[in-house]
Amino acid sequence: MKLSTKAIHVGHDVDSLTGAVALPLYLSTTFERDPDGGYPRGYVYTRLDNPNRMALEQSLCSLEGGKAAAAFSSGLAAINALLQGLSGGDHIVVSDELYHGTVHIIKDIYGPWGLQATFVDTRVPELVQQAVRPNTRLVYIETPSNPTLKITDIRAIAGIARAAGAKCVCDNTWATPILQRPLELGADLVIQSTTKYHGGHSDVLGGALVSKDDDEFFARIRMIQRIGGAVPAPFDCWLISRGIQTLPCRMKAQTRIAAQIAAFLESKPQVEKVYYPGLASHEGHAVAARQMDGFGAMLSFQVRGGREAALAVTGKVKIITPATSLGGVESLIEHRKSIEGPDSRTPDNLLRLSVGLEDVEDLKTDLETALAG
């Protein structure tokens, strides 16, 4: 099956009891045992497993082309479980630009527990190779990166990780499997914040890890998921599963609109720089064109005039909403540095834009008016 077909049908079997076409919602926290103490239906307790979570994980696995998947209550919960799968004294190589929450987990939670981390520009394979140590267990990349959409060559970095006996992990949230399939490019694990494009409507939190192999390391992640308890509720799984059914068409439509917005912003004198891999001016354009099936619906841009000028734009838009997060049907804009904190290396005048499904001309007018002051 092609991806669009998988998104609609995998994990969405017709209910055998009622014939319902839509996936039922199973809110029960516990499941009946047989007189002999067994669980013939396969379910014990919802923290351990649930029909809605099983359906979601089947769908995620199918879309990413993996052998195993684990759904979590948020994207950060998925990242947390990944790092908990390591041991004290292990070393990881990490992209030097990625979601700030990931940086906090690595430095502030697992650093004191003995996790060693080296942050490098993963766009340069030689730097990754130089950073590898005998105790390196993970090479963690995010591509496109948050917030300036740096592009890492997944195949090249996965090769370095494999040669070192480490796993390559790719945060694929901004691309989703509709636009980029890291496991097919050599990565061992994929991270998704399913809060974003999978859910697609800014109304549910979720995260996931999908593995190329159902191996010992993933068995440990599965144990951490079930015993640690950071699992999504059945209704959250149901919402994300429903969102996945329209993920391909939403992702493709939002990508088309974003490409037009990026070109529009690049032509504006009030804009200093636009970060979007679909633009020929983007330094990662060639790599992105090679490993992606579209350039995504996220972009960022720097406003001439510094921080105050950038913040002024967020206060003048009328259709685009100034808010954190991304991937919903509505367009969102955010002054990123004020979210990331004083240690952020993000430029003071940078705005991040999540392009939704509004009419492209309405979005252009809204941005033009805001930029004009």
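With which side chain does the side chain of Glu-340 make a polar contact? The partner is the side chain of Thr-346, at 2.6 Å. A polar contact is a pair of N or O atoms within 3.5 Å; within protein, one must be able to donate a hydrogen and the other to accept it, and residues adjacent in sequence count only if both atoms are side-chain atoms.

Some ground rules come next. This is a predicted model, where local features need pLDDT of at least 70, side-chain atom pairs count only at pLDDT 80 or more, and totals for chains, interfaces and linings use all residues. Residues are numbered from 1 along each chain as its sequence is written, and side-chain values use heavy atoms, with hydrogens and water left out.

Stay with Glu-340. Its place is in helix α12, residues 337-340. Helices (H or I, at least four residues) and strands (E, at least two) are DSSP runs, numbered from the N terminus. Glu-340 counts as buried because its relative accessible area is 14%. Buried means under 20% relative accessible area, exposed over 50%, and partly exposed in between, with a 1.4 Å probe and protein chains only. Leaving aside neighbours within four places in sequence, Glu-340 is in contact with His-100, Pro-147 and Thr-346. Contact means heavy atoms within 4.5 Å.

The lining has 33 residues, and Asp-96, Glu-97, Glu-340, Arg-345 and Thr-346 lie nearest the centre. The elements that give two or more residues to this lining are α4 (100-110) and β8 (271-275). The space in the largest pocket is about 800 Å³. How are such spaces found? Rolling a probe the size of a water molecule over the atoms shows where empty space is left. On a 1 Å grid over the protein atoms alone, a cavity is a set of points where a 1.4 Å probe fits but cannot get out, and a pocket is an open set with protein on both sides within 12 Å along at least five of seven lines; lining residues have an atom within 4 Å of a point. Grid points are joined across faces, edges and corners, and a volume is the space filled by probe spheres set on the points.

The whole structure has one cavity of 30 Å³ or more. The largest cavity holds about 40 Å³ of space. Its lining residues include Asp-96, Glu-97, Arg-123, Glu-142 and Lys-150.

Now look at the loop between β4 (136-142) and α6 (154-163), where Pro-144 is found. A cis peptide bond joins Thr-143 and Pro-144, with omega about -5°. Pro-147 has its place in the loop between β4 and α6 too. Asn-146 and Pro-147 are joined by a cis peptide bond, with omega about 10°.

An unreviewed UniProt entry annotates Lys-196 as "modified residue: N6-(pyridoxal phosphate)lysine". UniProt positions are given in the numbering used here, feature names are shortened, and annotations may be inferred rather than shown by experiment. Lys-196 sits in the loop between β6 (189-192) and β7 (207-211). Is Lys-196 buried or exposed? It counts as buried, because its relative accessibility is 17%. The side chains of Lys-196 and Ser-193 form a polar contact of 3.0 Å. Beyond four places in sequence, Lys-196 is in contact with Thr-173, Ser-325, Leu-326 and Gly-327.

Ser-202 lies in the loop between β6 and β7. Its phi is positive, about 55°, although Ser-202 is not a glycine. Ser-202 is partly exposed, at 47% relative accessible area. Thr-176, in helix α7 (residues 176-179), has a positive phi of about 60° and is not a glycine either. Thr-176 is buried, at 0%.

Helix α9 (residues 234-266) holds Arg-256. Arg-256 is exposed, because its relative accessible area is 54%. Gln-254 is found in helix α9 as well, but at 0% relative accessibility it counts as buried. A polar atom of the Gln-254 side chain lies 3.0 Å from the backbone oxygen of Gly-328. The backbone oxygen of Val-355 lies 3.0 Å from a polar atom of that side chain.

Last, the cysteines. A disulfide is a covalent bond between the sulfur atoms of two cysteines. Here it is a pair of cysteine sulfur atoms within 2.5 Å. A search of the whole structure finds zero disulfides. For Cys-170, the nearest cysteine sulfur is that of Cys-168, 6.7 Å away. Cys-170 is buried, at 0%, whereas Cys-249 is exposed, at 51%.
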